[in-house]
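Here are my notes on this model. Please read them with the structure open.

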Amino acid sequence: MNAFEYFAPTTLKEAIDILNEKGEEASILNGGTDLIVRMRDGISDPKYVVDIKKIKGMDDIRIENGRVFIGASALLNDLGNNQDIQKRYPFLSKAALSIGSKQVRNRATCIGNICNASPLAGMATPLLALNATVHVFGNYGEKDILLKDFFVFVRKTLLKHGEIVTGISFEEQACLGVFTKISRRRKVDLSTVCSTVVKKYDEYRISFGAVAPTPVRLNKTEAFLKGKMLSKDIIEKACELAMSEVSPISDIRASESYRRELVQVMLRNSLSQWY
Amino acid sequence: MKYVGKSIKRVDGIKKVTGSLKYVDDMKFSRMLYAAVKRSPYAHARIVSINIEKAMAVKGVKDIITGDHYKKRAGLYLEDKNFLAVGKARYKGEAVAAVAAVSEDIAKEAVKLIEVEYEELTAVTNAIEAMKPGAPLVHPDLGEYKTAPIFFPKPGTNISNHYPLRKGDVENAFEEAEVVIDNKFYVPHVHHVTIETHTAVAQMDLDGSCTVWASCQSPFAVRQALSEAFDIPLNKMRVLSPAVGGGFGSKAGTTLEGIIIPLAKRNPGRPIKLTYSREDEFENTYVRQGMHATIKTAVNKNGKIIGLKNEFVWDGGAYNEYGVNIAKAAGYACAGPYDIDNIWTDSYCVYTNHPVGGPYRGFGMSELQFGIEQNLDIVAEKIGISPIEIRLINGLKPGGATATGEIVKISGLMECIEQVVEDINFEEKTESSKPNKVRGKGIACGWKAPSMPNNAASSAIIKLNEDGTAHLLVSVQDIGQGSDTVMTQIAAEMLSISPEKITIKTGDTDHTPYEWQTVASRMTYSTGRAVVEACKDVIDQLLELSQIKLGLYKRDLELRDGYVVSKIYPDRKVAIGDLALGLTFEDGSGIHGPIIGRGSFIPPNIRDADKKTGLGEHPVAYWTYGAQGVEVEVDLDTGQTKVLKVASCFDVGKVMNPQLLEAQVEGAIVQGMGTALFEELILKDGVLLNPSFVDYKIPTADDMPEMVIKFVENPEENGPYGARGVAEVAMVPSAPAIANAIYDATGIRLRTIPLTAERIFEKMKVLKRGRRGSCKNN
């Protein structure tokens, strides 16, 4: 790891100013569980590191005005163990607690996981299925980006240099959901494939990770299921459609074909809970 | 007995639990330099040139060496390696240059600036292909290498050792057999994954003495190897191993010490430190060798195996200095713990451009038994008997003969099989409560002998203190297996003083007595016996002095709770502390002086096997036998396997410390389970694709099965209190038992490990079976 200059601003404005002043050689440090590893491996080599954890009010998890808000510095363990989240959105809590180890989750943040934009990001599928919105702060002030538009490619988002994600939120909703993670080892492993299926009345929202360059919603499968009563036949048809809708790759963790097969297994098992 | 056989708490426990124990990487010295290593990016390449100019110019860099600075070859059994590549690099990651600098960061920065020009050569990445005529040679100069006389390299090929075993009339057995079955198995390279990475510090003084602090299992073997490699006499070469955070064989030989000694030689007075990263561990230390096994079995319908034809091809990687002995060990163990009259085996160690193979818990037995135990199940099914029956029919019993023709004196194998069959409830099939999950049970046996030179020696010294306490000096290294505690227990029992009164000192070739190596599951047996002998020496001296002091005949005296006591008049006694510095008379004069006990041990009468036939009456110290039964649950949707329960039973001769022994076996089972389900060094064209914990998975707490751990105690003739070793063999049956259980559950037999979810899933698809059908006909 090379030497770098460390900044710990206490306001968003201050943070933005540093990022803008230092330019592309500055990196945002949140939990650090991705950035520090990349720096050690020589993949990232920032000259300036801007720690946003000291900015006040960024580690909130709150439900107000009909929205659930997760602050940028909220830790995965805090999110996973939050009682309101556990009660109302247990699949979101389960996803948070499925990432890394307990020690890693004591540093890692939900927003960091989203901004890292890994195709298999553990927090992406539940938040995609909840139609979440990403809140961004820049020198222009605040703006919102729908999470489904936020991911652009592997490790690429719409976020520009000089912008900071302050949090993510979604509308309070009565829904059922299932989070599933298949990994080589059950604990402390990356997803081979992960998914969330949310049911709100007769509407289904289906998202998968590690089956495309970004975490994705399966729009065609969702459209097929919309308004339908679940039956064995319908579920099988949905599974077939889902398999055709994903585009996984082969790597050392799994083959393209196994990932594709897992998509239908995971979707079938998720939907079968309501059948 | 008061201390032996009891669950005495670990004597090294408090320091380890509180973190106060100092490991080598904790050591800091004034004027210390830090080393970093430039490594080959190619699996096989000629080194055209190395330019160190830019690197030398970095401020804080003190020295840089390349293979040209030290060309003498080294190696434990076959001198085939250089610590820094000379002429060509033979695996991806091989050290080609090393930097010494005032900080680790500077050293690493300088490494980046070393410019190496390579001419890439065709890499040899398959051991079977490597054996064929015309294959590119990894070591064209093999014929010139010095080798121990019990190993047989074939110059002009990639074969570094061939161990043949020829017993009985195999052709006739196969002609007469009612059933003949052919099977192939493959075990990939895996890694030890010790919690502490390799680390060493070396310092050369101007008087020519060299001191090495290393996290190593075998200070004396390291001293010997380094002394020879660097022409330093043994009295000037000191190796200290203050603490070892796990070994499993990976710290048995020399690895990184040889990189820093040349730097230390050029920078006298300055300690040079090198600590490996986790990535270094995976790529640049020993790995468990890959192995291709062909097993052909001649069997009669009554279940009796009458003939065996085996070929084992070991993928030894770039240097086979240690691996040649693994091929040998597999050669003489080639039938497993089974009594078979006619055997033809060829075991080959083969050079490839893969990471360097070396010792790993089991020393070949896990790889061997993975095939043997699955083969047995396949044979049993073919002739229509149960996995238990075939093992009971063919398993080695007292009076039977091993593959080398040695007549078995002691074997608790049958008792072990019966115990695990009962504990795993083998005959009763259980069902999962989930419709998409199936359960199955499997059994496998294991055996192992210490793989060591016939004359591998141990010694111990006991110094009695004037307050009745004692120091025990040995050089077995406690690498987690608990040797410090067991050696202390033996001394406590022999001397009849409590373990708290004994302080054990290990790991300093200048101050602790000779020990061949901490390997081969031989420490309790061999060092333990040396401790017994040292205690006898102390006792003899104490009784000599006591008979003068007490006026009672030696024969009638014994040690009891810190005193020499008369067996006839128990009130007549003398505290051993009062005799520690010799016997003092009433006039103040004294005799004898301090009591120091000395004990040495070499296992008696181990003799070389015949070079042509591999047969021998007593080629090893002893065999340890045992069995494990496993229950698994397989998810038919995903192929994922969960090991639910493992029942284990080994004949250990004598349980020295129940708690430590159970822990030892638990660890072994989990390590075996890791290799069965997750672990594999994924190599492509000689490049390791998963050199970190991100993609090399070992079991976590979540994966722990229920474990039922039992022992049988048929005493070993020469072991202390009848004990024999079990540390390695305890993991040997785990992987094949899991493979057999998965077959029982699903009808799927993969013949390779790891048995990953994806592999099981793919096989399920290929077999196109219904969700709950059966396909047990392979």
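This is a predicted model: local features need pLDDT of at least 70, side-chain atom pairs count only at pLDDT 80 or more; totals for chains, interfaces and linings use all residues.

1. Asp695(B), Lys697(B) and Glu758(B) supply 25% of the area that chain B buries against chain A, more than any other three residues.

2. The interface of chain B and chain A holds 7 salt bridges (a side-chain nitrogen of Lys or Arg within 4 Å of a carboxyl oxygen of Asp or Glu). One of them joins Arg184(A) to Asp695(B), with the closest N and O atoms 2.8 Å apart.

3. Chain B also has an open sheet of 4 strands, in the order E19-E18-E17-E25, with mixed pairing. Strands are DSSP runs of at least two residues (E), helices of at least four (H or I), numbered from the N terminus. Two strands pair if DSSP finds at least two bridges between them. The edge strands are E19(B) (502-505) and E25(B) (596-601).

4. E17(B) (458-464) and E18(B) (470-473) pair antiparallel over 4 bridges. Lys463(B) has His471(B) as its bridge partner in E18(B).

5. On reading the values: residues count from 1 along each chain as its sequence is written, and chains are lettered from A and ligands numbered from 1 in the order written. Local features need pLDDT of at least 70 and side-chain atom pairs 80 or more, while totals for chains, interfaces and linings use all residues; side-chain values use heavy atoms, without hydrogens or water.

Methods. Buried area is the accessible area (1.4 Å probe) that two parts lose on being put together, summed over both.
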